[in-house]
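Subject: A structure for you to explore

Hi there,

Here is the structure I promised to pass on to you. Please open it beside this message and follow along as you read.

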Amino acid sequence: MDGGGARVDRRPIPNGTARYAIFLAVIVLSALSPAVPHSISPDAAWWLGAWAVIVLMVLAGYIATTLRPRNWVNTLAPLLLFPALWCLRCADGNSTSGFSPLIMLPVLWFALYGRLRDVVLALAGAVLTLFLPMLIIGSPEYPPASWRGYVLLMIVSAAIGPVVYHLVESARRSNRALSRSELEFRAAFEDAPVGMAITGLRGGEAYRFVRVNRALCAMFGRTADEITGVPIVELTHPDDVEQTNYRFSISTDADAPRRIQKRYIHRSGRTIWASVSYSIVRDDDGEPTHLVSQIEDVTARHESDRALLDAVETDLAVTERMNRIDKMRADMASTVSHELRTPLTSAAGYVELLLEGDAGQLNSEQKMMLDTVSRSLTRLDGIVDDVLSMANEESPVAASSEASCANLSEVLHAATDTVALQAAAHGLDIVVHDGLDGAEAAADPGRLERVLVNLLTNAVKFTADDGTITVSAGRNADSATVSVTDNGIGIAPGDKDRIFERFYRAENGVGQKVAGTGLGLAIVQAIVSQYGGTIAVDSELGKGSTFTVTLPLRRN
Amino acid sequence: MARILVIDDDNDIAALVGLKLELDGHTVTLAGDGLSGLARLRQDPPDVLIVDWTLPGLTGPEICAAMRDDAGLRDIWVIMLTARPLDDMTLTQSGADEVVPKPFSPRHLSERVSSALAR
């Protein structure tokens with residue numbers, strides 16, 4: 001608790017006009033004390049008794065002000081003046097010593113409860129009270145009881161009254177002002193929505209919580225009693241203890257930061273992240289005595305920041321891993337393509353040289369055998385192509401790295417040209433109805449050509465010789481459609497859903513598998529969906545199939 | 001006829017290309033890796049260079065880059081063989097005058113060489 005707070009706490013808390021009424025009444029009654037019969041001769045016992053009562057009165061006042069909450073002891077204490085006065089009158093007869101309580105009371109009172117200024121004023125009042133009667137009476141002794149004496153006493157009392165009243169009132173005012181600031185401070189402190197703490201800097205309170213508010217108790221999960229008097233570091237996160245000690249050592253330096261981040265420990269053991277800002281309380285000599293700290297719980301903010309950071313890190317890690325996998329896949333594709341195609345090249349090349357007679361003329365049997373080898377090698381090359389395309393289509397890098405534009409009509413004609421020879425070999429006609437009207441898709445032309453080539457190759461493969469393949473293409477405002485229809489063997493209903501799976505091979509009408517890898521349609525679907533399109537199949541076993549590709553058009 | 005240098009680390013391919021081109025009447029020199037290929041290139045510049053993309057030592061594109069910096073080699077016609085999937089960027093990346101994808105037909109390669117020499 002800061003010095004100001006301590007002073008505030010030990011001040012008597014005024015509780016209404018009753019106390020001052022009693023106080024003033026006692027003063028007035030004291031002035032009338034010479035009227036008390038005093039047949040008893042001066043006596044040391046009475047004198048001591050009177051002083052004992054005064055000491056008791058002072059003691060009662062002191063005890064009353066240290067008690068909280070406020071009580072009636074300090075209000076009733078002035079009443080003890082009356083028996084004190086009685087004792088003095090009995091002990092001393094008519095001497096001015098009968099006035100001593102009148103002098104002592106305000107002095108003691110203000111010495112105890114007031115400020116230095118109040119005490120000085122009270123002493124001045126007392127001096128006036130002592131010397132004024134002496135000047136008027138001309139002697140240190142009161143005359144025997146007479147009307148003149150009573151009038152004199154009333155005048156003296158009237159002189160004392162305003163002085164005492166002024167002193168009391170000024171004390172009351174300052175008390176009220178202090179009380180108001182105390183109430184305001186308490187409200188601001190106790191009801192603050194953020195944690196508030198007063199920390200000692202000196203003596204037994206040094207670096208301990210002296211006073212804490214409700215919000216701080218809630219933040220720490222502890223009661224005020226469990227926190228008050230506890231060294232700060234005991235509630236500090238172990239990792240921050242060193243930093244906290246250092247902060248304390250420099251806390252009163254002019255250029256030390258007044259806002260810091262640190263961690264405390266909740267009763268449950270969890271970490272509390274806090275933003276602490278503080279101000280310094282100094283005593284009358286300007287020496288720092290306390291710190292008043294605002295401790296804001298930023299755990300939630302910290303955790304959400306942390307979560308965000310973690311998410312970003314995780315995201316980065318995942319992205320990096322994906323990129324690594326994609327790179328591995330690309331590396332593998334390139335290695336595999338090199339490793340497979342190089343021997344294919346040399347095998348096919350030598351076969352070609354042999355077939356062309358570069359190593360001497362071949363007889364028809366040798367030629368037939370080498371033709372078979374050549375065909376097998378061509379098929380093998382096709383399989384390598386399929387596998388590599390599949391690997392590339394599955395790579396998001398491949399998908400995202402190309403954002404180009406394809407004229408669908410050009411793609412369509414390139415594809416039919418590619419398949420034309422193959423179709424002609426089987427005596428198949430390819431009929432094209434091109435209604436694309438310059439439609440363009442945001443896609444790589446080479447990939448789209450591969451889609452159509454795969455569909456057309458399938459149509460050739462699964463259509464009996466002399467059949468017909470029809471390609472119909474059209475467009476509307478948003479999309480273009482290309483369908484490839486054959487009058488081949490068709491697809492069994494059970495196969496329809498599975499033909500787009502990788503390596504899935506439907507059986508032909510007589511229970512045989514047709515040559516191929518089972519990748520062609522999987523590649524088609526991968527490419528089409530990569531460009532936001534769809535592929536549908538409509539087929540009847542024995543009658544033929546129609547594959548329809550729909551692609552969104554490029555937006556200008 | 002012409003003098004042709006073939007740089008390929010695959011002996012079978014190198015022999016195949018060499019055989020076909022010799023049958024066509026050209027003089028063929030073989031090199032098995034990038035460094036010795038470049039050394040041979042500098043020592044005895046050919047009319048046409050046929051080089052594989054993937055090579056130990058220097059790769060095909062690295063050899064092309066080295067040739068561009070050498071005034072004596074800059075004008076040699078370069079045909080690069082590659083097993084890489086072709087795309088729009090392949091030719092630019094290779095640095096060669098033309099790229100022939102593997103697998104290739106020896107007859108096709110021989111035609112490419114003839115048209116290069118006709119230039």
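This is a predicted model: local features need pLDDT of at least 70, side-chain atom pairs count only at pLDDT 80 or more; totals for chains, interfaces and linings use all residues.

Of the 17 residues of H16(A), 13 are buried, so the helix is largely enclosed by the rest of the structure. A residue counts as buried here if 20 or more other C-beta atoms lie within 10 Å of its own.

**The cores**

The largest nonpolar core is made of 40 residues. Inside it, the residues with the most contacts are A:Leu408, A:Leu412, A:Leu452, A:Leu456 and A:Ile469. Several elements of chain A give two or more residues to this core, among them helix H15 (408–425), strand S9 (468–475) and helix H18 (520–530). The biggest contribution, eight residues, comes from H16(A).

Not counting residues up to four places away in sequence, A:Leu412 touches A:Val432, A:Asp434, A:Leu436, A:Leu452, A:Val471, A:Ala473 and A:Val482. There is also a second, separate core, with 35 residues, and it includes A:Ala348 together with B:Val28, B:Leu49 and B:Met67.

**Where the chains meet**

How many residues does each chain bring to the contact? Chain A brings 18 residues and chain B brings 17 residues. On the side of chain A that touches chain B, helix H12 (299–355) and helix H13 (364–393) are the elements that give two or more residues. H12(A) supplies the largest share of that side, with 13 residues. Sorted by class, the side of chain A that touches chain B has five nonpolar, eight polar and five charged residues.

**A sheet in chain A**

Next, find the open sheet of five strands in chain A, which has the order S2-S1-S5-S4-S3 and antiparallel pairing. Strand S2 (209–212) and strand S3 (259–265) are at the edges with a single partner strand each, so one side of each has no neighbour in the sheet. From one strand to the next, the twist averages 35°. Strand S1 (residues 195–200) and S2(A) run antiparallel and are joined by three bridges. A:Thr199 has A:Phe209 in S2(A) as its bridge partner.

Is A:Ala218 buried or exposed? A:Ala218 has 11 C-beta neighbours inside 10 Å, so this residue counts as exposed. You will find A:Ala218 in helix H9 (residues 214–220) of chain A.

In chain B, look for B:Arg112 in helix H5 (residues 106–118). With 18 other C-beta atoms within 10 Å, B:Arg112 is partly exposed. Leaving aside neighbours within four places in sequence, B:Arg112 is in contact with B:Ile79, B:Glu98 and B:Val100. The C-alpha atoms of B:Arg112 and B:Val100 are separated by 8.9 Å.

**Chain A as a whole**

Chain A holds 18 helices and twelve strands. Of its 556 residues, 29% are buried.

Enjoy exploring!

Best wishes

Note on methods
Residues are numbered from 1 along each chain as its sequence is written. Chains are lettered from A and ligands numbered from 1 in the order in which they are written. A nonpolar core is a set of buried Ala, Val, Leu, Ile, Met, Phe, Trp, Tyr and Cys residues joined through C-beta atoms within 7 Å. A residue is buried if 20 or more other C-beta atoms lie within 10 Å of its own, exposed if 12 or fewer, and partly exposed in between; C-beta atoms are placed from the backbone. Helices (H or I, at least four residues) and strands (E, at least two) are DSSP runs, numbered from the N terminus. Two residues are in contact if their C-beta atoms, placed from the backbone, lie within 7 Å. Ala, Val, Leu, Ile, Met, Phe, Trp, Tyr, Cys and Pro count as nonpolar, Asp, Glu, Lys and Arg as charged, and the others, Gly among them, as polar. Two strands pair if DSSP finds at least two bridges between them. Axes are lines fitted to C-alpha atoms, for helices over the stretch in contact, and angles run from 0 to 180 degrees between N-to-C directions.
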